Amino acid sequence: MSNSGFVLLDKIAGETSFKALFPLKRVFSTKRVGHAGTLDLRASGLIIAATGRVTRLLPFVEAKDKCYSFRLHLGYETDTLEWDGEVLEQDSRAADSASASAVQITREALEAVLPQFTGDIEQIPPKYCAVKINGVRASDLMERGRNIELKPRKINISSLKVLDVVANDATEGCSGKCIATFDLICECSKGTYIRALGRDIARALGTCGCVSGIRRHRIGNVTLDRAVRGEDLTREHLIPVDQILDFPVVRLDDSQVAVIRQGNYLPWKTPIEGVDAEGNVFVANLKGEVLSYCHYEPGRIRPKIYLAADE
């Protein structure tokens, strides 16, 4: 059985995305592993990982849109924009517990500002993040006591909805005092920071905020319900590439496969249905086993990455 393929992992909160890959190295006896779309340390949910030569296809996965649920805490902001960070700002309306219970931002007020955050928008990432400044992660610079400024980045949020109103004391470990708490769900593009989104929604409501419970449910068309915890991973959880990336699959006979395997282009006059503007296709043998990632150009198929095990 090949050691190259995709694996769907359900990362637990408190585990780095890098550490989440350790079970792949053990199960598939390889150091060649990778993943698409880093999750924050405190976030959980879907990671699409890959082993062997399939790791070279991860940029296609990372470019896909994502879906996250999260809890928004209104009334205080922390250095990490997480619920238990160091409090940098506290809404004066929640300065004491007696008044905090009487203050309320309604669901209707929250829903009224959400349209400001849908479509193509600009977002400034959290200062504690993996964005690099002169080759160094912003979070590392912050831990060294550096004062940094991050530039806005263009993102797209296709859907942002309130799921529920939550009791302010429902989340353990809050370092500040809330005036309102909500659960939301967001469908967004690559590069979106949910922590920054929570910060900006709060500011639009005239207060400050942070988030907890970030969980990723979907990447592209791949959903969390197909994922497995690292401790439960087996070789049977390896997924063929065409089940994750929806490129057209062209089946070839043995002589045609040999041409592709040798790195030569294959003359091809038949139009390929469903091919995208970049001409991305998979080549398979007559059994349907994907062997190579290729580019289709009018008149030929050009091999790019041979994915099958060497003979």
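A: The side chains of Arg-93 and Asp-91 meet in a salt bridge, with 2.8 Å from N to O; the term requires a side-chain nitrogen of Lys or Arg within 4 Å of a carboxyl oxygen of Asp or Glu. Arg-93 is partly exposed at 35% relative accessible area, whereas Asp-91 is buried at 9%. Here buried means under 20% relative accessible area, exposed over 50%, and partly exposed in between, with a 1.4 Å probe and protein chains only.

The model is predicted: local features need pLDDT of at least 70, side-chain atom pairs count only at pLDDT 80 or more, and totals for chains, interfaces and linings use all residues. Residues are numbered from 1 along each chain as its sequence is written, and side-chain values use heavy atoms, with hydrogens and water left out.

Across the whole structure, the search finds 14 salt bridges. In one of them, the closest N and O atoms of Arg-203 and Glu-77 are 3.3 Å apart. This pair links distant parts of the chain, 126 residues apart: Arg-203 belongs to helix 6 (residues 194–204) and Glu-77 to strand 5 (residues 76–78). Helices (H or I, at least four residues) and strands (E, at least two) are DSSP runs, numbered from the N terminus. Arg-203 is partly exposed at 48% relative accessibility, while Glu-77 is buried at 9%. Asp-200 and Arg-199 also form a salt bridge, their closest N and O atoms being 2.8 Å apart, and both residues are buried.

Turning to the rings, the search of the whole structure finds six aromatic pairs. Rings of Phe, Tyr and Trp (its six-membered ring) pair if their centres lie within 6.5 Å; planes under 30 degrees apart count as stacked, over 60 as edge-to-face and the rest as tilted. Phe-18 and Phe-22 are edge-to-face because their planes stand at 80°, with the ring centres 5.5 Å apart. Phe-18 is exposed at 51% relative accessibility, and Phe-22 is partly exposed at 40%. Phe-60 and Tyr-293 form another edge-to-face pair, 5.4 Å centre to centre with 65° between the planes. That pair joins distant parts of the chain, Phe-60 in helix 2 (residues 58–62) and Tyr-293 in strand 17 (residues 290–297), 233 residues apart. Phe-60 is partly exposed at 28% relative accessibility, but Tyr-293 is buried at 5%. Together with Phe-247 and Phe-282, Phe-60 and Tyr-293 form one aromatic cluster.
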